[in-house]
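Student: Could you take me on a close look at one part of this protein, and walk me through how its pieces fit together? I would enjoy one connected answer.

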Amino acid sequence: MKATGIVRRIDDLGRIVIPKEIRRTLRIREGDPLEIYVDHDGEVILKKYAPMGDLSDFAREYAESLHETTGLIALVTDRSLVLTVAGAPKREFVDRRIGTLLKHVLETGRPLTSEEAQELAGGITVDEDRPLFRSFTIMPIPGAKEAIGTVMLASRDDRRLGPMEEKLLQAAAGFLSRQMGS
């Protein structure tokens, strides 16, 4: 565990304030659920709850199936991280924070294609000047109140994605949503 040098006291109701710097770094907002663990040494561990984390095996298998079927790169994310990728190196994507375009899809709850995204700033890039994908479609995974993640198909070559890929993503998002009981 990494020491922060920040000390907080528990109030009379058993509450503790998580410092703003840590909340900002971990992207914890008011109302976000946290999991509480106690390890074998008696240390209390707070972890940002990721409902999609429960689906990692389903997500991985679905991404692999999408990649095998389409030949495209398939990614599944939760609200903050890439959970799995098929068709591209895992070290390039898995456990990386999501980018501007994926956040946009989560916030709006609407799918997004690369053509629609050209007018939006940011995106999924290695650096500011070189996009990772030439063509993509991102579909939100619906939750009870808001999107719980995204599923994405992408191409690094000149292949354009169309209505068939969008339908495949709708099926994937619907399946993962049902697995979560949303």
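Tutor: Happy to! A nonpolar core here is a set of buried Ala, Val, Leu, Ile, Met, Phe, Trp, Tyr and Cys residues joined through side-chain atoms within 4.5 Å. Please keep in mind that this is a predicted model.

With that definition in hand, let us look at the largest nonpolar core, which has 20 residues. Those that touch the most other members are I73, L75, F93, F133, F136, I138 and M152. At least two residues of this core come from each of β3, β4, α4 (100-108), β6 and β7. The helix α4 gives the largest share, four residues. There is also a second, separate core of 17 residues, and L72, A74, A86 and L169 are among its members.

Apart from neighbours within four places in sequence, L75 is in contact with V82, T84, V85, F93, F133, T150, V151 and M152.

Next comes strand β7, residues 149-155, where seven of seven residues are buried. In a regular strand, side chains alternate between the two faces of the sheet. For β7, both faces are covered: G149, V151, L153 and S155 are buried on one side, while T150, M152 and A154 are buried on the other. Strand β7 also has partners. It runs antiparallel to β3, joined to it by five bridges, and A74 has L153 as its bridge partner in β7. With β6 (residues 135-141), β7 pairs in the antiparallel sense over seven bridges; here the bridge partner of M139 is V151.

Now for the helix. In α4, the buried residues are L101, L102, V105 and L106. These lie on the same side of α4, because they cover an arc of only 140 degrees around the axis. An α-helix has 3.6 residues a turn, so residues three or four places apart point the same way. The buried residues of α4 pack against β3, β5 (112-113), α5 (114-117), β6 and β7.

S80 counts as buried because its relative accessible area is 14%, and the cut-off for buried is under 20%. Leaving out neighbours within four places in sequence, S80 is in contact with K48, R96, R97 and I98.

Note on methods
Residues numbered from 1 in each chain as written. Predicted model: local features only at pLDDT ≥ 70, side-chain atom pairs only at ≥ 80, totals over all residues. Heavy atoms only, no water. Buried < 20%, exposed > 50% of the residue type's maximum accessible area, 1.4 Å probe, protein only. Contact = heavy atoms within 4.5 Å. Pairing = 2+ DSSP bridges. Arc of directions from axis to C-beta.
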